[in-house]
Amino acid sequence: MQYDVAIVGYGPTGMALAALLGQLGHKVVVLERYSGLYNLPRAAAFDDETMRTFQKLGIAEKVLPGTNIQQGYVWMNGEGDVLLDIEYDNPGRCGWPSQYMMYQPHLEDVFDTLCKTTPGVEVRQGVTVTALTEQPDGVQVTAKTEAGEEVSVGARYVVGCDGGNGFVRQHLKGDLEDLGFFENWLVCDFEMKRTVPGLPSFRQVCNPAQPISIVNIGPNHHRFSFRLEADVDRDEVLKPEGVWRRVEQFLTKKDAELIRVANYTFRSCIVDAWRKGRVLLAGDAAHQMPPFLAQGMVSGIRDARNLAWKLDMVLDGYSDDLLDTYQPEREPHVRFITDKAIELGRVQTMRDPEEAKKRDARLIAARAANRKPDKLRYPALSGGLIANDGELLPQGLVSTAEKTALFDEIAGTGWLIVAKGPEALCDLTQSDRDGFAAIGGREAVFAISSMFGGAEISDTNGVYARWFDETGGVAAIVRPDSYVYGVARDAGELALLTRQLLSTLGSPKS
């Protein structure tokens, strides 16, 4: 096998996975049917967990120029009454603002440069995969170039990141579970020529006569999306003159240039099997969701983060049973988000005027009573390689004698034991510590500096003191994707968790 991993598809999920594996030292080939980047926006936003992944990849600051930090999200009805005014946390749990609006071509340019300059990563564009043949030690991938030349590469594993209609999902012949959400939408993107006072930054117009979503998609770009009836004339709604009539309340041709019009059917579906042998699915190839929570691209990047460290360990000789934990961990998370997005979409875009009036009255009454909307918190991981907890470890500012920075910058992002103080480690034997070090594990211990010896890490803003208080723990084992494998309430439980982890992983094959 010439490569450790072949990735089919060069969108954000495939780019993230290629970069993560490349930075872990693996030989990766990416096969993409288009000869260049798409260069038009599709996704509109990402969250602080995604920015934490960009931080790990070393591109967070490079991504920022193509983003706006979003402070909130407003729902209004057709009469202009505010129904909901949602505030986003800044910082969020992962140490970055909770919501970024983005211009996707900028993100993909940054990713493209990263992938093509990462040692071990080879990107082949203009290559369409036509066959996958599994062999005892890997998968033979057959493809054709734009010139019609047949090429073949061998890889120990293949990951399909080629979207909902891609080749890899079709090859696996998985059953597609339809979650019952189909809506017809017109998506219109504009490049701004000038600042337009009063242009909504992030607004849902919950008008049963015409539901509209208005969002900025990074600096100098804006998107208007209109829910359509199922039987509209597709050719007619795509005409630019009709688009300008739809947005005339907000924009004119003097304000902006129309750069993209697309008619989408928003869908919700999940493939039943994300892995068969040495072939896996990630991103839209495994699941599709409506955009009402802006979690489509984000979920694909979570898939990549989950898969990358597991493939890394398997490629280093650990049992590939570890890959069987991928779908049990990720599918319930995806399913929860998809269900919530469907629920949100149905509330936002209801077409029955009487039901819409009831919705409006309920939400307006809640605002009058000063009841703030609940913040949506995504579920912890469970099953798979999780002993307990399964939440993301929060990321706050921490300090050493040398510098103050976000936790991941100081402690790193491999296997970690994060301890409230050194006493939490007292029941770990040398064998435990050696075994943990053998999987690349390290220890990050908080303590209060004193004249008798400084702390290894100081909890600068108290993020971790609060977290240990909330969980009742004195230490935690944290996975390479920053999810908590398990929280220990005392030193003895930490020793047991460590031995349980090492036993589950086993020893690498020589």
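This is a predicted model: local features need pLDDT of at least 70, side-chain atom pairs count only at pLDDT 80 or more; totals for chains, interfaces and linings use all residues.
Biologist: Which element gives the most to the largest nonpolar core?
Modeller: The largest nonpolar core has 119 residues, and F54 and W415 touch the most other members. With eleven residues, the element that gives the most to this core is helix 8.

Biologist: How many residues are in the second, separate core?
Modeller: In soluble globular proteins, nonpolar side chains tend to be buried together. Here a second core stands separate, with V196, W244, V247 and A256 among its members. Its number of residues is 20.

Biologist: How far apart in sequence are the parts tied together by W185 and F292?
Modeller: The structure holds 20 aromatic pairs. One of them joins W185 and F292, with 5.9 Å centre to centre and 65 degrees between the planes, which is edge-to-face. W185 lies in strand 13 (residues 183-192) and F292 in the loop between strand 21 (287-288) and helix 8, so the pair ties together parts whose separation in sequence is 107 residues.

Biologist: Are W185 and F292 buried or exposed?
Modeller: W185 and F292 belong to one aromatic cluster with F181, Y264 and F266. As for accessibility, both W185 and F292 are buried.

Biologist: What kind of pair do the rings of F190 and F224 form?
Modeller: F190 sits in strand 13 and F224 in strand 16 (residues 221-228), 34 residues apart. F190 is buried at a relative accessible area of 0%, and F224 also counts as buried at 0%. Their ring centres are 5.8 Å apart and their planes lie at 85 degrees; an angle over 60 counts as edge-to-face, so the pair is edge-to-face.

Biologist: Which helix gives the most to the lining of the largest cavity?
Modeller: There are two cavities of 30 Å³ or more, and the largest has a volume of about 130 Å³. Its lining has 16 residues, and the closest to its centre are E49, R302, R305, D481 and Y483. Helix 2 (48-57) and helix 8 each supply at least two lining residues. With five residues, the one that gives the most is helix 8.

Biologist: How many of the residues lining the largest cavity are charged?
Modeller: The lining divides by class into five nonpolar and four polar residues, with the rest charged. The charged count is seven.

Biologist: How much space lies in the second largest cavity?
Modeller: The residues that line this cavity include R52, L393, F407, D408 and P480. By class, the lining has five nonpolar, four polar and three charged residues. The space in the second largest cavity is about 40 Å³.

Biologist: Where does the largest share of the lining of the second largest pocket come from?
Modeller: The second largest pocket holds about 260 Å³ of space. It is lined by 17 residues, of which L24, W309, D312, G414 and P480 are the closest to its centre. The lining has ten nonpolar, three polar and four charged residues. Its largest share, five residues, comes from helix 8.

Note on methods. Residues are numbered from 1 along each chain as its sequence is written. Side-chain values use heavy atoms; hydrogens and water are left out. On a 1 Å grid over the protein atoms alone, a cavity is a set of points where a 1.4 Å probe fits but cannot get out, and a pocket is an open set with protein on both sides within 12 Å along at least five of seven lines; lining residues have an atom within 4 Å of a point. Grid points are joined across faces, edges and corners, and a volume is the space filled by probe spheres set on the points. Helices (H or I, at least four residues) and strands (E, at least two) are DSSP runs, numbered from the N terminus. Ala, Val, Leu, Ile, Met, Phe, Trp, Tyr, Cys and Pro count as nonpolar, Asp, Glu, Lys and Arg as charged, and the others, Gly among them, as polar. A nonpolar core is a set of buried Ala, Val, Leu, Ile, Met, Phe, Trp, Tyr and Cys residues joined through side-chain atoms within 4.5 Å. Buried means under 20% relative accessible area, exposed over 50%, partly exposed in between (1.4 Å probe, protein chains only). Rings of Phe, Tyr and Trp (its six-membered ring) pair if their centres lie within 6.5 Å; planes under 30 degrees apart count as stacked, over 60 as edge-to-face and the rest as tilted.
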